[in-house]
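Student: I have a structure open and would like to learn how to read its features one at a time. Could we go through it together?

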Amino acid sequence: MAVTVIKDIAVDEKDREILFKLFRDHEDVLGSSRIAMLALQAFINSIQALRCDAADLRDLFTELCEAIRHTEPRIVPLIHLIKPFEAEMQTQYTDDLEKTKDEAIRILTAKLDLLKSKVGKIIEHGVGLIKDGDTIIVHTASSDVTKMLAMAREVFQKNFKIIILKQDFVKTKLLIKTLSRAEVELLVVPEYSLSHYIEQANKMFIGAVSVTHDAKVVTAIGTSNIVSLCHLNKIPVYLFATSLKFSHHSSSHQKIHTKMVAKSQDDVNYTLTTHSHDIVDLKLIDYLITEDGKVGKRGMGKYVE
Amino acid sequence: MEGVFIPIVVFLIVYAAITFELVNKAVAALLGVMVLLALHIIDEHTAIEFIDFETIMLLLGMMMIVAILRKSGFFTIVSVKIAELTQGSPLKILVLFSVVTAGLSACLDNVTTVLIVIPIIIELTAGMGLDPKVYVISQAVISNIGGTATLIGDPPNIIIGSKVGLTFNQFIINLAVPVVFAFVAALFYIWFTNKNKFKPIDTNLAKLFSVQLLLEKIRFNYLSIRIDKIFLTKSLACLGLAITLFVTQTITKLSPGVVAVLVAMILLVITKVDVEHMLEEIEWSTLLFFTGLFILVGVLEAKGVIEWIAHNVFLRIGDNPYIIVLVVLWVSGIASGFLDNIPFTITMIPVVRLMLEANPIPNNILWWALSLGACLGGNLTMIGASANIVSVGMAKRFNQNISFLEFMKSSAVISVITLLIASAYLTVFLWLSL
């Protein structure tokens, strides 16, 4: 039976803002790899629920992919997977709606599996970096780094201590809960108090949204200061990033979200400008951990290029 | 009627203080009692006799059961699962959440239900770019309608059930039908007046995609607590036991108050919760408020004031049973919309008793009229029921300001529609009973 469907293709400005905010909220808490996985799964689920004519499918996919490519900030691993999806789909559009939907789901599932495998390898390499007696500084770790730390304790029985730099509770909640559950020794301190504990630490782990063509790392807000402090104190900084996080664009093209809010306190009125993410110079990073393993300063150039 | 002037004045001042929220309700009621004691209008032994301990026990027991159930994460799990089931469809959000709200309000209490449901429904609808206000108002209204169906669903029913001796089954058997009709009518009205807000989203890929991410965010925010399955199972088993004992009241001869406190004590023992911490969750001020009101109304009854009101106001309406039933229903409905329905119900119980003595109406129909009026009338205004006030307060916390008139615009019409349904039901019921 033919179904008449009202066309509702365009992603309007309001929907786009909602979508971007959702991406930011997830990225803040889970990291960019995890949000990329969630987005791919959400794409698959949405295709399954979608009711439309076969002729509209191309426009609907293009609109959504276009919105995904322009999130603030850019979720680079997701963009690297969505672009080939779009390219592969060009030859798959037919008059048979279900067949086209099945094909799209098959391609997206393959992308999701690829991402999962890369993240899985990073976790494997990361676990090997943790030694007994380590004291590791962790700042807004992604869900993958969190999983890696928990695994090092639960599966490999390693004895190490984590200094968690607490900023917004929502961002640190998952890390504290997961590590507490894994019985990892924890010290939770405000990020501005790190100087009191810096001498205890021998490693720092960070994640990234992207690593840009001009050798900058787009990271969680607050990371820049902490990395600088660690660098000054000669504490090696380990950056966990799959090769999918390397962007072909410069840091100024990463669309870091800027918010300006009018504030009024006592009799002072001012506009507070905040950014969703920090930018850290890749020079301050000592080791890069990708799906290929640990890379020193000299090897990083190959990835950036 | 000797020495009635002071009790009447004290009662009216207390009533005004409660209605206009001049002081805390419990303080107002107990201060009134203290004035009567200090002026030797009554002595403390007589005052204690006026307290209906059956009602207090039922309230205390249910508060304990609800507090432990809340701790188990049961309400949150149900709400998040419902959010997932809706898959972002605006109409499904309205219908499925309303079914859950009505069901939970009938089995537990309205305020707890809206406290859990409202944040999730706001997060879901605001996150999708929908107007959360329609959903907030709908859930408040539906919780009051759902609570009308059972003895434990709404405070007026608890009071009527305990003081009159009506069973849990009698409430369900006699009130379920009008409540189901009222529920369907309310949902239809909300849908009909907001049709353009309930358009399906399954033709919009970007919206479907956003909803998937949003549901993941809700799962993360609300379900990231580790659910203790054993604790949850014990809590649900005890809730099941309580409901079974309520239903089999005529066989076990256990009053609802005894059942509620008994099950609460069993729960405390088997779940090993921190009793001190749990006791902090009990709304002691509500229990004290009830206690004070029972004494104040008891004094008025003892002094013959209630009898005077019954004879000179309600018994003047004649002896036509249809008119008597409808007057009780609509007076209760309108009064409950503007006054607190708890003191109103406590005051009306002796009045209805006297009305029944003068004009016996079969099958407890006058009590059902009082119950339907007091519960459904709460939807007339924002201040008509605790669930309304709590829902609007929760919405404000999420930057969704709902004004008194905005609330009333939807809720008052629904209240009138549901009272009309109740009128039709009671008329037919009475016609069949005579």
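Tutor: Gladly. Keep in mind that this is a predicted model. Let us begin with strand β4 of chain A: five of its five residues are buried, so the rest of the structure largely encloses β4(A).

Student: How should I read the two sides of a strand?

Tutor: In a regular strand, side chains alternate between the two faces of the sheet. Here, Lys203(A), Phe205(A) and Gly207(A) are on one side of β4(A), Met204(A) and Ile206(A) are on the other, and all are buried, which leaves both faces covered.

Student: Which strands pair with β4(A)?

Tutor: The general idea is that strands of a sheet pair through backbone hydrogen bonds, either parallel or antiparallel. In this case, strand β1 (residues 135-139) of chain A runs parallel to β4(A) and is joined to it by three bridges. Within that pairing, Ile136(A) stands opposite Lys203(A). β7(A) also runs parallel to β4(A), with four bridges between them. There, Phe205(A) has Tyr238(A) as its bridge partner.

Student: In what order do the strands of the whole sheet come?

Tutor: The order is β3-β2-β1-β4-β7-β11-β12 in chain A, seven strands that form an open sheet with mixed pairing. At its edges stand β3 (185-190) and β12 (293-295) of chain A; each has a single partner strand, so one side of each is left without a neighbour in the sheet. On average, neighbouring strands of this sheet are turned by 25 degrees against each other, direction ignored.

Student: Which strands does helix α8 of chain A touch?

Tutor: Helix α8 (residues 223-232) of chain A packs on the sheet and touches β1, β2 (161-166), β4 and β7 of chain A. Its direction makes about 155 degrees with that of β4(A).

Student: Now to aromatic rings. How many aromatic pairs are there over all chains?

Tutor: A pair of aromatic rings is described by the distance of the centres and the angle of the planes. Over all chains, the count is 19 aromatic pairs. One of them is Phe43(A) with Phe61(A), an edge-to-face pair at 5.8 Å centre to centre, with 80 degrees between the planes. This pair links distant parts of the chain: Phe43(A) is in helix α2 (residues 32-49) of chain A and Phe61(A) in helix α3 (residues 57-69) of chain A, 18 residues apart.

Student: Which residues form the aromatic cluster with Phe43(A)?

Tutor: Phe23(A), Phe43(A), Phe61(A), Phe85(A), Tyr93(A) and Phe209(B) form one aromatic cluster.

Student: Could we finish with some single residues? Where is Asn204(B), and what does its side chain reach?

Tutor: Asn204(B) is in the loop between α10 (168-193) and α11 (205-223) of chain B. It is buried, with a relative accessible area of 1%. Its side chain reaches the backbone nitrogen of Ala206(B) at 3.1 Å.

Student: And what does Thr381(B) touch?

Tutor: Thr381(B) lies in another loop, between α20 (365-376) and α21 (386-397) of chain B, and counts as buried at 0% relative accessibility. Leaving out residues up to four places away in sequence, Thr381(B) touches several residues, among them Gly337(B), Phe338(B) and Asn388(B).

Terms used:
Residues numbered from 1 in each chain as written. Chains lettered and ligands numbered in written order. Predicted model: local features only at pLDDT ≥ 70, side-chain atom pairs only at ≥ 80, totals over all residues. Heavy atoms only, no water. Phe/Tyr/Trp six-rings, centres within 6.5 Å; stacked < 30°, edge-to-face > 60°. Helix = DSSP H or I, 4+ residues; strand = E, 2+ residues; numbered from the N terminus. Buried < 20%, exposed > 50% of the residue type's maximum accessible area, 1.4 Å probe, protein only. Pairing = 2+ DSSP bridges. Polar contact = N/O pair within 3.5 Å; in protein donor to acceptor, adjacent residues only side chain to side chain. Axes fitted to C-alpha atoms, helices over the stretch in contact; angles between N-to-C directions. Contact = heavy atoms within 4.5 Å.
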